[in-house]
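Welcome! Let's take a friendly walk through this structure, one part at a time.

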Amino acid sequence: MSELVPGGNLPLPGGTLTLGVPGPFDVFALITDDSGKVRGDGDFVFYNQPSAPGARLAGEHLTIDPMGLRPGASRVTVVVSPADPEPAARAHPAHHRAEQSRRTLCDPVFSQGGLAYVADRRSGDMYWTALWARPFSPADLRRTASEVIALTNAERTACGLPPLSPDSPLTTAAQAHSADMVARAFYSHTSPDGSRPWDRAAAAGCTRRTIGENIACGQRSPAEVVRGWMNSPGHRANILKPDFTHIGIGLAGGGKAGTYWTQLFGG
């Protein structure tokens with residue numbers, strides 16, 4: 001059994017691939033070229049148009065023959081989404097078959113609103129990639145943010161520094177920045193509109209004089225993201241800065257990279 005997390009790749013042997021999706025799910029495929037664009041309606045495979053060169057949908061099975069795709073096609077994106085979220089949450093996970101290879105994909109996003117895979121033939125190696133990250137519920141956000149703060153404070157305590165206190169305006173600004181990075185597909189301390197961390201903190205009502213920000217993308221747990229920050233000199237300096245007294249955490253899931261993390265400090 002192999003787990004495919006958002007943003008992760010799973011290599012497959014060559015040949016025809018069959019994706020089985022038992023349960024109340026909608027499945028469709030999108031055939032694109034190197035530019036990421038379809039050529040026309042014939043590049044869509046779904047219940048009302050179940051076949052195209054190199055791709056065929058039959059019931060709960062989608063078969064893909066990468067070498068049989070139309071000329072110029074280099075990628076097939078397969079989207080699986082629950083037809084009814086409640087029953088789907090209890091359904092059997094998706095599985096695929098590649099010649100004699102069998103694997104089950106167990107992914108927490110599958111019952112949470114969508115899962116996409118990509119088969120790419122440009123490099124000569126085929127793989128599946130989970131593209132959509134799970135939308136975080138309010139309870140997920142609170143729990144995960146609390147874990148990030150606890151791990152951050154453990155690092156500060158180990159260095160003889162006082163812990164940081166959660167701050168509502170900083171949290172609001174951090175969460176908005178993570179969500180914005182997902183929505184507008186960028187990864188930077190500077191937003192497309194030119195706003196910087198201190199601008200966003202002030203807009204959220206923060207009056208603290210010193211502001212710092214750490215961001216990260218793709219890490220799958222609080223432990224992984226804090227460890228990554230601590231292994232980076234600049235991010236580590238923010239975590240261990242004596243002038244900082246408060247913190248806000250933001251996280252949002254989406255896009256090929258998975259989770260976007262924001263750690264906003266104030267002092």
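## Two helices side by side

In this predicted model, the axes of α2 and α5 lie 9 Å apart, and the two helices pack at an angle of about 40 degrees. The crossing of α2 past α5 is right-handed.

Who makes the contact? From α2 come Thr144, Glu147, Val148, Leu151, Thr152 and Glu155, while α5 brings Pro222, Ala223, Val225, Val226, Trp229 and Met230. Sorted by class, this contact has eight nonpolar, two polar and two charged residues.

## A sheet of four strands

Next, look at the open sheet, where four strands follow the order β13-β15-β16-β14 with mixed pairing. Its edges are β13 (165–166) and β14 (211–217), each of which pairs on one side only.

β14 and β16 run antiparallel and are joined by seven bridges. You can find Asn214 opposite Gln263 of β16. Helix α2 packs on this sheet too, touching β13, β15 and β16, and its direction makes about 135 degrees with that of β15.

## The nonpolar cores

The largest nonpolar core has 18 residues, and those touching the most other members are Val148, Val225, Trp229, Ile249 and Trp261. Two or more residues each come from α2 (138–158), α5 (222–230), β15 (246–253) and β16 (259–266). The biggest giver is α5, with four residues.

Notes. Residues are numbered from 1 along each chain as its sequence is written. This is a predicted model: local features need pLDDT of at least 70, side-chain atom pairs count only at pLDDT 80 or more; totals for chains, interfaces and linings use all residues. Side-chain values use heavy atoms; hydrogens and water are left out. A nonpolar core is a set of buried Ala, Val, Leu, Ile, Met, Phe, Trp, Tyr and Cys residues joined through side-chain atoms within 4.5 Å. Buried means under 20% relative accessible area, exposed over 50%, partly exposed in between (1.4 Å probe, protein chains only). Axes are lines fitted to C-alpha atoms, for helices over the stretch in contact, and angles run from 0 to 180 degrees between N-to-C directions. A crossing is left-handed if the near helix is turned anticlockwise from the far one by less than a right angle, and right-handed if clockwise. Contact means heavy atoms within 4.5 Å. Ala, Val, Leu, Ile, Met, Phe, Trp, Tyr, Cys and Pro count as nonpolar, Asp, Glu, Lys and Arg as charged, and the others, Gly among them, as polar. Two strands pair if DSSP finds at least two bridges between them.
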